[in-house]
Amino acid sequence: MDEEYDVIVLGTGLKECILSGLLSVDGLKVLHMDRNDYYGGESSSLNLIQLWKRFRGNEQPPAHLGSSRDYNVDMIPKFIIANGALVRVLIHTDVTKYLYFKAVDGSFVYNKGKVHKVPATDMEALKSPLMGIFEKRRARKFFIYVQDYDENDPKTHEGMDLTRVTTRELIAKYGLDDNTIDFIGHALALHRDDRYLNEPALDTVKRMKLYAESIARFQGGSPYIYPLYGLGELPQAFARLSAVYGGTYMLNKPECKVEFDEEGKVVGVTSEGETAKCKKVVCDPSYLPNKVRKVGRVARAIAIMSHPIPNTNDSHSVQVILPQKQLGRRSDIQKPNGSFVQ
């Protein structure tokens with residue numbers, strides 16, 4: 001370890017591993033370290049034993065939950081939108097050869113005490129109980145406007161400048177009711193709260209178009225895909241890319257301390273009495289606690305269920321969105337759910 005590197009990367013989260021891979025491809029000498037004995041950092045996917053160790057110390061998981069290897073539990077659960085920027089990054093960097101994906105069965109939204117499928121086709125939209133027959137007609141006109149909208153073609157704008165017109169003003173033109181607005185803003189545009197209503201409508205329209213394009217890409221029941229063995233596979237894929245181009249990896253390295261010179265510039269990283277010299281350090285915030293400040297918190301819960309979620313057609317993998325208004329909260333609850341057991 002007592003060598004000199006161009007860059008030392010601390011933490012194996014997705015951002016750190018993407019940068020590590022790209023820097024290695026660019027010909028830099030990279031050392032990548034993590035205090036954990038697994039990849040992924042805060043966004044890792046843990047088997048059952050690792051999960052229990054993280055939250056219950058030395059306690060062993062109950063035997064009735066089955067084999068530890070059957071579980072890949074995401075610490076920061078997310079689904080990947082099929083036509084989004086991350087997918088384009090994965091394809092461009094060619095790390096898809098290290099990954100296996102599965103299309104998510106469906107996206108659902110909580111409305112008036114029940115879980116409903118977010119329509120993925122015209123037929124599903126016609127049958128959906130989320131809107132009445134007259135509301136569906138009004139919504140159809142709005143969806144056609146969004147579908148035909150081209151930022152570079154003023155003929156599709158219907159006289160509205162969406163960089164100035166708010167989402168509230170755009171939706172008001174089509175006379176949609178509050179439940180439909182809730183469904184559009186949170187289940188299709190995937191906004192987490194209602195601030196978007198008073199912001200320029202262009203962002204919401206782009207989000208809706210991305211949702212539709214992502215559904216069309218794989219012709220599935222939802223716009224989402226997911227790594228078969230958990231989100232922790234993503235940073236591992238970029239770690240492999242880095243290793244192919246000469247990157248060095250060291251896991252289970254405790255107390256990685258970033259060293260600075262008298263001018264406050266980075267000069268290396270020390271762990272277990274050894275110091276690796278470098279010109280630059282890339283790290284997740286937990287490695288430099290004195291240089292970051294907390295600006296918010298996210299509440300998460302992990303539930304191991306013995307049955308599919310009711311009203312989801314016994315789907316193996318779903319997303320359930322609980323809009324803020326339905327719960328009397330200031331932000332949404334999003335519940336990715338999956339049972340990709342191997």
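Let's start with Lys 29, which is partly exposed, with a relative accessible area of 37%. On this scale, buried means under 20% relative accessible area, exposed over 50%, and partly exposed in between, using a 1.4 Å probe and protein chains only.

A quick word on the ground rules, everyone. This is a predicted model, so local features need pLDDT of at least 70 and side-chain atom pairs count only at pLDDT 80 or more, while totals for chains, interfaces and linings use all residues. Residues are numbered from 1 along each chain as its sequence is written, and side-chain values use heavy atoms, leaving out hydrogens and water.

Back to our lysine. Which residue forms a salt bridge with Lys 29? The partner is Glu 3, and the closest N and O atoms are 3.1 Å apart. Glu 3 sits in the segment before strand E1 (4–10), whereas Lys 29 is in the loop between helix H1 (14–25) and strand E2 (30–33), so to speak a link across distant parts of the chain, 26 residues apart. Helices (H or I, at least four residues) and strands (E, at least two) are DSSP runs numbered from the N terminus. Glu 3, at 40% relative accessibility, is partly exposed. Lys 29 also lies over the face of Tyr 5, at 5.0 Å from the ring centre. For a charge to sit over a ring, NZ of Lys or CZ of Arg must be within 6 Å of the ring centre and within 35 degrees of the ring normal. Arg 35 does this too, over the face of Tyr 287 at 3.9 Å from the ring centre.

Now the other salt bridges. The whole structure holds 15 of them, each a side-chain nitrogen of Lys or Arg within 4 Å of a carboxyl oxygen of Asp or Glu. Arg 164 and Asp 161 meet in one, at 3.4 Å from N to O; Arg 164 is exposed at 68% relative accessibility, and Asp 161 is partly exposed at 37%. Lys 265 and Glu 263 form another, at 3.9 Å, and both of these residues are exposed. Shared partners also join Glu 4, Asp 6 and Lys 279 into one salt-bridge network.

On to the rings. There are eight aromatic pairs in the structure. Rings of Phe, Tyr and Trp (its six-membered ring) pair if their centres lie within 6.5 Å; planes under 30 degrees apart are stacked, over 60 edge-to-face, and the rest tilted. Phe 79 and Tyr 226 have ring centres 5.6 Å apart and planes at 85 degrees, so they are edge-to-face. Phe 79 lies in the loop between strand E4 (73–74) and strand E5 (80–81), and Tyr 226 in strand E9 (residues 224–227), so the pair ties together parts 147 residues apart in sequence. Both residues are buried. Tyr 145 and Tyr 149, with centres 5.9 Å apart and planes at 55 degrees, are tilted, and each is buried.

Finally, the nonpolar cores: sets of buried Ala, Val, Leu, Ile, Met, Phe, Trp, Tyr and Cys joined through side-chain atoms within 4.5 Å. The largest has 50 residues, and those touching the most other members include Phe 142, Tyr 145 and Leu 170. Domain 1 (4–78 + 231–283) and domain 2 (105–223 + 327–338) both contribute, so this core lies between them; the bounds come from an automatic or database domain assignment. Another core, of 12 residues, lies apart from it, with Ile 8 and Met 250 among its members.
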